[in-house]
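I opened the notebook to log what I looked up in this model. Entries are in the order I made them.

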Amino acid sequence: MFTSNGSLRKDLTIAIAAGLITSLVVWSAMLRYINMAHASTLTSVSDTLSESRPGLGSNHTIVFTDASSTAAGQTISYTFDPITSAFS
């Protein structure tokens, strides 16, 4: 079945708008299922390098004071990705 160019354009516009509205409604409904990160204020932050010469590997000793949720003896680990320099 052939339709005119104006009718096809109108149908595409309606389909795109319906798709965007549907995706926005679904995204909004799923927000309550996403876990949010909660940050704390850090004070007395320091980062000490074991080696500071350019081109050499180094270990970082990161020390900070957390005002709220970290209990004594807990460990917080950061793993740096050697390829992208990102960390988790």
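Ground rules first. I am working on a predicted model, where local features need pLDDT of at least 70, side-chain atom pairs count only at pLDDT 80 or more, and totals for chains, interfaces and linings use all residues. Residues are numbered from 1 along each chain as its sequence is written, and side-chain values use heavy atoms, with hydrogens and water left out.

Confidence. I read a mean pLDDT (the predictor's confidence in each residue, from 0 to 100) of 78 for the chain. I find 70% of residues at 70 or more. Helix α1 (residues 5–30) has the highest mean, 88. Strand β2 (residues 60–66) has the lowest, 80. Helices (H or I, at least four residues) and strands (E, at least two) are DSSP runs, numbered from the N terminus.

Helix α1. I looked up L12, which lies there. L12 is partly exposed because its relative accessibility is 48%; buried means under 20% relative accessible area, exposed over 50%, partly exposed in between (1.4 Å probe, protein chains only).

Charges. I searched the whole structure and got 1 salt bridge (a side-chain nitrogen of Lys or Arg within 4 Å of a carboxyl oxygen of Asp or Glu). R53 pairs with E51, closest N and O atoms 2.7 Å apart. R53 is exposed at 53%. E51 is partly exposed at 22%.

Strand β1 (residues 42–49). I picked V45 from this strand. V45 is exposed, at 52% relative accessibility. Leaving aside neighbours within four places in sequence, V45 is in contact (heavy atoms within 4.5 Å) with V63 and F64. V45 and V63 are 18 residues apart in sequence, yet 5.8 Å apart in space, C-alpha to C-alpha.
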